Amino acid sequence: MVHDLATVERWLVRVTGLRVRRARPRVEVSRTRKAPPMRALLVLVAALVLPGTAVAADADAKGQFRYVYSTDLGDVETGSLRDPEIGTCLAFPGLGDERLARSTRNQTDATAIVYREDDCQGDYYVLEPREKRIHDSDARSVRFV
């Protein structure tokens with residue numbers, strides 16, 4: 001059963017007694033995020049705590065997740081994951097053992113948690129739907145929530 005974010009937030013309030021307080025938007029000069037957005041963090045927590053109810057096991061994100069990497073010969077290649085499965089750790093095909101994707105673009109309707117290591121381990125960053133990261137991407141795997 002797929003729940004929308006509002007349903008998950010209501011469930012978290014009921015179970016934990018904590019309310020989600022949304023901060024007023026603030027204007028920033030830098031485009032670099034220091035912390036993942038509250039909604040993405042909430043979805044991640046719900047996906048980890050409620051794997052069977054937060055998202056359906058067979059649900060797919062709609063769209064493509066694209067990444068750019070260099071081959072052993074120095075050629076620039078683009079890879080993609082089309083309609084990726086939500087909740088499953090997906091390694092980037094074509095990277096081999098040593099390479100990292102140098103830019104990532106989330107063109108899906110789901111939030112992507114992008115990891116530096118295989119098997120969704122190590123440092124990570126969050127890409128909201130339709131968001132991209134061009135510099136300092138250094139990624140090898142992704143999980144959609």
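Me: Does F144 count as buried or exposed?
Reply: This is a predicted model, in which local features need a pLDDT of at least 70 and side-chain atom pairs count only at pLDDT 80 or more, whereas totals for chains, interfaces and linings use all residues. Residues are numbered from 1 along each chain as its sequence is written, and side-chain values use heavy atoms, with hydrogens and water left out. Buried means under 20% relative accessible area, exposed means over 50%, and partly exposed covers the range in between, with a 1.4 Å probe and protein chains only. The relative accessibility of F144 is 0%, so F144 counts as buried.

Me: In what order do the elements of the protein chain run from the N terminus on?
Reply: Helices (H or I, at least four residues) and strands (E, at least two) are DSSP runs, numbered from the N terminus. The protein chain holds two helices and eight strands. Read from the N terminus on, its elements run α-α-β-β-β-β-β-β-β-β.

Me: How many residues apart in sequence are the parts that the pair of F65 and F144 ties together?
Reply: Rings of Phe, Tyr and Trp (its six-membered ring) pair if their centres lie within 6.5 Å, and planes under 30 degrees apart count as stacked, over 60 as edge-to-face and the rest as tilted. This rule gives a count of five aromatic pairs. F65 and F144 form an edge-to-face pair, with 5.7 Å from centre to centre and 80° between the planes. Because F65 lies in strand β1 (residues 63-70) and F144 in strand β8 (residues 141-144), the parts tied together by this pair are separated in sequence by 79 residues.

Me: Which residues form one aromatic cluster?
Reply: F65 has a relative accessibility of 0% and therefore counts as buried. Both F65 and F144 belong to one aromatic cluster.

Me: With which residue does R99 form a salt bridge?
Reply: A salt bridge is a side-chain nitrogen of Lys or Arg within 4 Å of a carboxyl oxygen of Asp or Glu, and a search of the whole structure finds three of them. In one of these, the closest N and O atoms are 2.6 Å apart, between R99 and D72. The pair links distant parts of the chain, 27 residues apart, with R99 in the loop between β3 (89-91) and β4 (103-108) and D72 in the loop between β1 and β2. Since its relative accessible area is 70%, the exposed residue here is D72.

Me: How many residues apart in sequence are the parts that R116 and D138 tie together?
Reply: R116 forms a salt bridge with D138, and the closest N and O atoms of the two are 3.2 Å apart. R116 lies in the loop between β5 (112-115) and β6 (124-127) and D138 in the loop between β7 (132-133) and β8, so the parts that the pair ties together are separated in sequence by 22 residues.

Me: Is R140 buried or exposed?
Reply: R140 forms a salt bridge with D118, the closest N and O atoms lying 3.0 Å apart. Distant parts of the chain, 22 residues apart, are linked by this pair, with D118 in the loop between β5 and β6 and R140 in the loop between β7 and β8. D118 is partly exposed, with a relative accessible area of 34%, whereas R140, with a relative accessible area of 9%, is buried.

Me: What value is phi of D83 near?
Reply: D83 belongs to a negative surface patch together with D60, E85 and D109. The place of D83 is in the loop between β2 and β3, and with a relative accessible area of 34% this residue is partly exposed. D83 is a residue other than glycine with a positive phi, near 45°.

Methods: Patches are made of residues with over 30% relative accessible area and no salt bridge: like charges are joined within 9 Å, nonpolar side chains (Val, Leu, Ile, Met, Phe, Trp, Tyr) within 5 Å. Accessible areas come from the Shrake-Rupley method with a 1.4 Å probe; for residues, only the protein chains shown count as cover. Lys and Arg count as positive and Asp and Glu as negative; His and the chain ends are not counted. The place of a charge is taken as NZ of Lys, CZ of Arg, CG of Asp or CD of Glu.
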